[in-house]
Amino acid sequence: MVSTTGSVLLAPSPDNTKYDFMYYLKGAAAGGICCSITHGALTPVDVVKTRVQLDPIKYNQGLVGGFRQIVAEEGAMALTTGLGATAAGYFVQGWFKFGGVEFFKIKAVESMGEEKAWENKTPIYLGAAAAAETIADIFLCPLEAVRIRSVSDPEFCDGLADGFVKMFKTEGIGGFYAGLAPILAKQVPYTMAKFAVQGAAADAIYGSMGKTPSDLSNQMNVAVSLGSGVIAGVASAIISHPADTLLSKVNKKGAGGSGSMVQRLANIAKEVGFVNLCTVGLLPRCVMIGTLTAGQFGIFDTVMNALGASKFHFHNPNEKH
């Protein structure tokens with residue numbers, strides 16, 4: 001059964017059904033793989049970033065100092081805290097996010113026509129990313145709640161499954177979705193900026209070379225994705241950072257006092273202050289997201305090529321090649 005599934009995924013789509021069900025399945029698989037690998041690899045950076053956001057008084061020595069402090073106090077393995085939840089959660093999220101963006105933007109082009117779609121690339125990117133990310137976050141939120149709790153309290157659980165059981169017993173199903181509002185506030189703008197900026201940056205790079213994706217080799221297209229991904233990562237990190245800080249804090253036990261989720265978020269924002277929401281932990285987040293986003297787009301393109309899928313690119317129908 002596994003070999004049959006693998007054979008199906010590896011089979012190239014027929015030319016006349018280029019963007020068929022199998023294309024979207026391959027896009028989803030590539031998205032899951034690229035997000036799981038990149039987020040998993042950057043778990044140590046995320047551990048430091050989360051600690052800085054949760055306790056900036058204690059962790060006040062920057063990114064490198066934070067690494068040294070955690071290793072000195074808890075050992076090197078502390079930097080892998082939450083790795084299981086991160087890898088699993090972001091595989092699921094990447095599956096729906098990248099697969100969803102491919103689906104929604106291609107359907108928009110089919111509905112509007114190539115010329116109108118070319119003129120409205122940015123709105124299509126923004127709409128496709130918002131819709132796909134919203135769906136993805138519903139699946140990501142429980143895993144992210146367990147990850148943040150385990151990072152803020154290393155004694156909380158002995159792994160992903162144990163964390164789910166303990167959180168469900170103590171807080172019920174609501175505990176898994178306590179951070180849904182801030183995760184949507186963080187991830188939806190982040191993903192909208194990520195795909196729109198990456199698309200615009202990639203177009204600018206292709207334009208500066210006087211080439212289109214079809215003119216270049218797979219390796220060159222991956223290189224363009226890596227370069228545009230760095231630009232998109234830094235931009236999206238800055239935009240989403242305040243909500244990321246709120247998400248880290250609201251999942252910490254007792255944060256924001258009692259009351260509704262909106263009231264707790266408001267209490268945290270008041271305590272932290274707007275400037276700190278926007279700046280505390282921003283440098284490590286830019287390093288993390290810039291690297292992560294470049295890696296995601298590069299791995300996504302590489303996996304799509306390996307699966308025999310020709311990645312969708314917007315096309316100007318008035319240009320002759």
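This is a predicted model: local features need pLDDT of at least 70, side-chain atom pairs count only at pLDDT 80 or more; totals for chains, interfaces and linings use all residues.
**View 1. Helix α3 and the elements around it.** Helix α3 takes in residues 43-54. With 12 residues at 1.5 Å each, this helix should span 16 Å, and its end C-alpha atoms do lie 16 Å apart, so the two values agree. How much of α3 is buried? The helix is mostly covered, with 11 of its 12 residues buried.

**View 2. The largest pocket.** Look here for about 870 Å³ of space. Of the 43 residues in the lining, P213, S214, F312, H313 and F314 lie nearest the centre of the pocket. Elements that each give two or more residues to this lining are α5, α6 (114-119), α10 (180-209), α11 and α14. Which element gives the most? That is α10, with 7 residues. By type, the lining divides into 18 nonpolar, 15 polar and 10 charged residues.

**View 3. The second largest pocket.** This pocket holds about 280 Å³ of space. It is lined by 15 residues, and T81, G82, S150, P154 and C157 are the closest to its centre. Both α5 and α7 give two or more residues to the lining, and α5 gives the most, with 3. Here the lining residues divide into 7 nonpolar, 5 polar and 3 charged.

Notes: Residues are numbered from 1 along each chain as its sequence is written. Side-chain values use heavy atoms; hydrogens and water are left out. Helices (H or I, at least four residues) and strands (E, at least two) are DSSP runs, numbered from the N terminus. The expected span of a helix is 1.5 Å times one less than its number of residues. Buried means under 20% relative accessible area, exposed over 50%, partly exposed in between (1.4 Å probe, protein chains only). On a 1 Å grid over the protein atoms alone, a cavity is a set of points where a 1.4 Å probe fits but cannot get out, and a pocket is an open set with protein on both sides within 12 Å along at least five of seven lines; lining residues have an atom within 4 Å of a point. Grid points are joined across faces, edges and corners, and a volume is the space filled by probe spheres set on the points. Ala, Val, Leu, Ile, Met, Phe, Trp, Tyr, Cys and Pro count as nonpolar, Asp, Glu, Lys and Arg as charged, and the others, Gly among them, as polar.
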